[in-house]
Amino acid sequence: MKILVGYKRVVDYNVRIQVKPDGTGVVTDGVKLSANPFDDIALEEALRLREKGVATEVVVVGIGPADLTAHLRNGLAMGANRAIHVVTTDAVQPLTAARAFLKLVEKEQPGLVLMGKQAIDDDANQTGQMLAALWDRPQATFASKLEIADGKATVTREVDAGLEVIEAELPAVVTTDLRLNEPRFIKLPDIMKAKSKPIDTIEFDSLGVEAHDHLATTHYAAPAKRSKGVMVKDAAELVAALKQKGLL
Amino acid sequence: MSKILVIAEHLHGKLNPATARAVSAAVAVKPEAIDVLVLADNVDAVAAEAAAIEGVSRVLTVARAENAHALAAVLAPQVAKAAGGYSHVFAPSTTFGKDLAPRVAALLGVAQVSDVMSVEGAHAFKRPIYAGNAIVTVEANPAHAVVATIRTASWPAAASGDSKAPVEALALDVALPSHTRFVELQQGSSDRPDLQSASKVVSGGRGVGSKENFEIIYKFADKIGAAVGASRAAVDAGYVPNELQVGQTGKIIAPELYMAIGISGAIQHLTGIKDAGTIVAINKDGEAPIFEVADFGLVGDLFKIVDELEAELS
């Protein structure tokens, strides 16, 4: 079985993002970029499935500009067999990404597509679900446990009420939650090896994907700041303050 | 003119209060009608609750055995079919809505607006990105239906009471897939207030130190009638189950009082509590980032302070 893994590059999760004063965007020049943390978890899970003999090939897929190649090399160094780079300089929204993924799915015929549950830049939490819909296949979102046997995936999902277990016939789309696994670190020899692994480059325009019907982002703003609070000296003072506000 | 379809979330025959919050967002669009869609095996109890929400024009029900569990693959084709004639489809931004709405949007061939914080116009909405560190205004194409999830922490629940909207059964001719099956739901049983709708929340973090120590958080929360939450660190360390996690990747809440005990306040955690009315931080590290957002801060040993708080309240 082949596994396709969505592998997005985002502003590193430790970076405190700044909104441009003119409201046209956020400052991304010179800011550290990394793999979306949920996508690292997706890749780790795919690699573990290959190590268990469930999968034979793990392919990382990225959509972005020419310099995304370096990011895909990280995925190869982590252990993916090969990479597909869909080249575009446009910002790609979830529906467009899902449509592009569907084209790759039709070509590659994977048994499983693993994606992060959300990207930490747009926080959309949509692409996996949209791909599953367009592909007309099962989806298992927010996965914290994944077992594959007998042509189906048994997935434990993190839902608001607790943990839900579902069965999905393969092929299917699974999106990863934080507690699915702990991604491995990349070792130096693997970085060298990754240099010889193949990256297929596909021009976005050649996929024949409709890229219209975007949401237009008209303004960016910093969130409203909370007013500066006060430090209290002990429990008694805290209780008095909360009682005064009618909270206790 | 706008007509809005709100997807009802429910479990064990009870309507989730997040639904009434999505109705509030629908009211803000000033539509000519707000219909609530209930998909279930037994629809009656949930439909009656939905009909009592103020602002709801009609409750539409689809009672099918396949709808016994909220599987997105099964519900989405029905919602997409029912969405014909509506200008907007809203779902709460809970794990239910996040799972279902994008699948509906893709079936309708439209972009989705996630986590609507405010309505700026019939097709313009504000939503958070980068863990809430930026707020964007997005405009959807007015030529298509708008599919959106509603950030529950940003909206009050629409009042429920004397209003009684008519309930109509909807006949949808849709073939449903059998490729996805429900197995079980493992629920933490709790008599405490629900984290997402509680007016007071007491959260513990890594500083609490162990699962056993977390009992003091539960005890204190019970004393003031609060729900219990936790940071990702506390969940990952196994102190509490995952459904208590508050933050970017857990629950986003807006209680009147939020008490963060032994939580340093990573960006991802702060995202989940920024809209709380009053934030109290108790931490031994006076430099912890949580103090930057706290209305009241107290530096010291949490075990000693919680004991003292309980004594003060006795």
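Contact here means heavy atoms within 4.5 Å. By that criterion, among contacts in chain A between residues at least 6 apart in sequence, 71% join residues at least 24 apart. The model is predicted. Chain A and chain B bury about 6,900 Å² between them.

**Chain A overall**

- Chain A has six helices and 13 strands.
- Its C-alpha trace spans about 65 × 45 × 40 Å along the principal axes.
- Of the 248 residues in chain A, 54% are buried.

**Interface of chain A and chain B**

- Chain A brings 78 residues to the contact, and chain B brings 86 residues.
- Of the roughly 6,900 Å² buried between the chains, 55% lies on carbon and sulfur atoms.
- Asp160(A), Leu215(A) and Arg226(A) supply 11% of the area that chain A buries against chain B.

**Helix 3 against helix 4 in chain A**

- Helix 3 covers residues 94-108 and helix 4 covers residues 127-135. Their axes come within 8 Å and cross at roughly 50°.
- From helix 3 of chain A, the contact uses Pro94(A), Leu95(A), Ala97(A), Ala98(A), Arg99(A), Phe101(A), Leu102(A) and Val105(A).
- From helix 4 of chain A, it uses Thr127(A), Met130(A), Leu131(A), Leu134(A) and Trp135(A).
- By class, eleven of the contact residues are nonpolar, one is polar and one is charged.

**Helix 5 against helix 9 in chain B**

- Helix 5 (residues 214-224) of chain B packs on helix 9 (residues 302-313) of chain B at an angle of about 25°, with the axes 11 Å apart.
- Angles under 35 degrees count as roughly parallel, so helix 5 of chain B is roughly parallel to helix 9 of chain B.
- The crossing of helix 5 of chain B and helix 9 of chain B is left-handed.
- Helix 5 of chain B contributes Ile216(B), Lys219(B), Phe220(B), Lys223(B) and Ile224(B).
- Helix 9 of chain B answers with Leu302(B), Phe303(B), Val306(B), Leu309(B), Glu310(B) and Leu313(B).
- This contact holds eight nonpolar, no polar and three charged residues.

**Buried sites in chain B**

- Helix 3 (residues 72-82) of chain B has ten of its eleven residues buried, so it is largely enclosed by the rest of the structure.
- The buried residues of this helix are Ala72(B), Ala73(B), Val74(B), Leu75(B), Ala76(B), Pro77(B), Gln78(B), Val79(B), Ala80(B) and Ala82(B).
- Ser24(B) sits in helix 1 (residues 18-28) of chain B. Its relative accessibility is 11%, so Ser24(B) counts as buried.
- Not counting residues up to four places away in sequence, Ser24(B) touches Trp155(B), Pro156(B), Ala157(B) and Ala158(B).
- Ala40(B) belongs to strand 4 (residues 33-40) of chain B. Ala40(B) is buried, with a relative accessible area of 1%.
- Leaving aside neighbours within four places in sequence, Ala40(B) contacts His10(B), Val62(B), Ala63(B), Arg64(B) and Asn67(B).
- Ala40(B) and His10(B) are 30 residues apart in sequence, and their C-alpha atoms are 8.5 Å apart in space.

Note on methods. Residues numbered from 1 in each chain as written. Chains lettered and ligands numbered in written order. Predicted model: local features only at pLDDT ≥ 70, side-chain atom pairs only at ≥ 80, totals over all residues. Heavy atoms only, no water. Buried < 20%, exposed > 50% of the residue type's maximum accessible area, 1.4 Å probe, protein only. Helix = DSSP H or I, 4+ residues; strand = E, 2+ residues; numbered from the N terminus. Axes fitted to C-alpha atoms, helices over the stretch in contact; angles between N-to-C directions. Nonpolar A, V, L, I, M, F, W, Y, C, P; charged D, E, K, R; others polar. Buried area = accessible area lost by both parts, 1.4 Å probe. Parallel < 35°, antiparallel > 145°, perpendicular 65-115°, else oblique. Left-handed = near helix turned anticlockwise from the far one by under 90°.
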